[in-house]
Amino acid sequence: MKRKPLLLPVFLIWYTIGVILQVFFTVPEVLAFSKPLFLVFYAISLIELIWLFEQKGRALLVGSATVGVVTFFIEVLSVETGFPFGEYDYTSVLGPKLLGVPVTIALAWVGVLLNSLLMASQTNKWRRAVETGLWVVIIDLILDPVAIFESFWTWYNPGTLHYFNIPITNFISWFVIGAGLSLLFPLYHRPKQLHRSNTFVFQLMLLMFGLLAMKHGEMIVFGLSISFMLLAEANYRHQFKQQRHVV
């Protein structure tokens, strides 16, 4: 019998308090640390979930550490040169910065990558890579506009093709990086509880950023967040039905 996750409830409590404060009130200055800490809980709760339900712990830890390091230095490169995401700068909202990038961004990438990885089908690594890249982009389509509204970072010179003044190159890069880094991880069986919990966390992330978009009057982003939540649910039900037939 598998142990129950300990960190997921912590993440859910932190999430609930954060959503209430951010959507209906404002986060007090004394709780400014809560936003970077949220990213920490997001990543480690997903690592724990996979650790509990899959017997591939070493690959998970090595892959997660690699994702964190690689994406952090890609962020540093992009902040310095504009490649591959585009021209932008981070503010201090997400915590202390190293080389111009908040340290917690590495954990944010780990969380988004693992969350998207488990949303994808696990039939073969190449198909999973494409699907992982698409789910990563889906999160970013909701996250990135809200990050601008919430002053997480600032974009410059978005170019002719852009989405809420975010260059299209950003989303192309998220897809390529997400798809490529997914290859570091083994294929997962995903028992029902793991698959359900992961989908729920994915939906919660979309809901939070969707509600924040609504708070800022961006109903298109809010509408997209609801649509993607429904897509995530349909994906879960379809994949679980297929998995049950195979078994």
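**Figure 1. Glu233 and Arg237 in helix H8.** Because Glu233 and Arg237 stand four residues apart in helix H8 (residues 219-246), about one helical turn separates them. Salt bridges that share partners join Arg196, Glu233 and Arg237 into one network. Between Glu233 and Arg237 the N to O distance is 3.0 Å; a salt bridge is a side-chain nitrogen of Lys or Arg within 4 Å of a carboxyl oxygen of Asp or Glu. Glu233 counts as buried at 16% relative accessibility, whereas Arg237, at 56%, counts as exposed. Buried means under 20% relative accessible area, exposed over 50%, and partly exposed in between, with a 1.4 Å probe and protein chains only. Helices (H or I, at least four residues) and strands (E, at least two) are DSSP runs numbered from the N terminus. The model is predicted: local features need pLDDT of at least 70 and side-chain atom pairs count only at pLDDT 80 or more, while totals for chains, interfaces and linings use all residues. Residues are numbered from 1 along each chain as its sequence is written, and side-chain values use heavy atoms, with hydrogens and water left out.

**Figure 2. Salt bridge between Lys35 and Glu150.** A search of the whole structure finds four salt bridges. One of them pairs Lys35 with Glu150, the closest N and O atoms being 3.5 Å apart. This pair links distant parts of the chain, 115 residues apart: Lys35 belongs to helix H2 (residues 34-53), and Glu150 to the loop between H5 and strand S4 (153-156). Both partners are shielded: Lys35 counts as buried at 19% relative accessibility, and Glu150 is buried with a relative accessible area of 15%. Helix H2 has 20 residues and reaches 28 Å from its first C-alpha to its last, close to the 28 Å expected at 1.5 Å a residue. The expected span is 1.5 Å times one less than the number of residues in the helix. Of the 20 residues of H2, 16 are buried, so this helix is largely enclosed by the rest of the structure.

**Figure 3. Charged residues of helix H5.** Glu131 and Arg127 both lie in helix H5, four residues apart, about one turn of the helix. Their salt bridge has its closest N and O atoms 2.8 Å apart. Glu131 counts as buried at 17% relative accessibility, while Arg127 is partly exposed, with a relative accessible area of 45%. Asp140 is also found in helix H5 (residues 125-149). Asp140 is buried yet has no salt bridge, and the nearest side chain of opposite charge, Lys35, is 16 Å away. For this comparison Lys and Arg count as positive and Asp and Glu as negative; His and the chain ends are not counted. Leaving aside neighbours within four places in sequence, Asp140 is in contact with residues including Asn170, Phe171 and Trp174, where contact means heavy atoms within 4.5 Å.

Figure 4. Ile177 is found in helix H6 (residues 168-182) and counts as buried at 11% relative accessibility. Not counting residues up to four places away in sequence, Ile177 touches Thr71, Ile74, Phe85 and Trp109. The C-alpha atoms of Ile177 and Pro84 are separated by 10.0 Å, although these residues are 93 apart along the chain. Pro84 lies in the loop between helix H3 (57-81) and strand S1 (87-90). The peptide bond from Phe83 to Pro84 is cis, with omega near 10°.

Figure 5. Most residues other than glycine have a negative phi, and most peptide bonds are trans. Asn157 has a positive phi near 45° and lies in the loop between S4 and strand S5 (162-163). Asn157 is exposed, with a relative accessible area of 58%. Asn165 has a positive phi of about 65° and is found in the loop between S5 and strand S6 (166-167). Asn165 is partly exposed, with a relative accessible area of 47%.

**Figure 6. Helix H7 and the glycine that follows.** Helix H7 (residues 192-215) has 24 residues and reaches 34 Å from its first C-alpha to its last, close to the 34 Å expected at 1.5 Å a residue. Of the 24 residues of H7, 17 are buried, so H7 is largely enclosed by the rest of the structure. H7 is followed by Gly217, whose phi is positive, near 85°.
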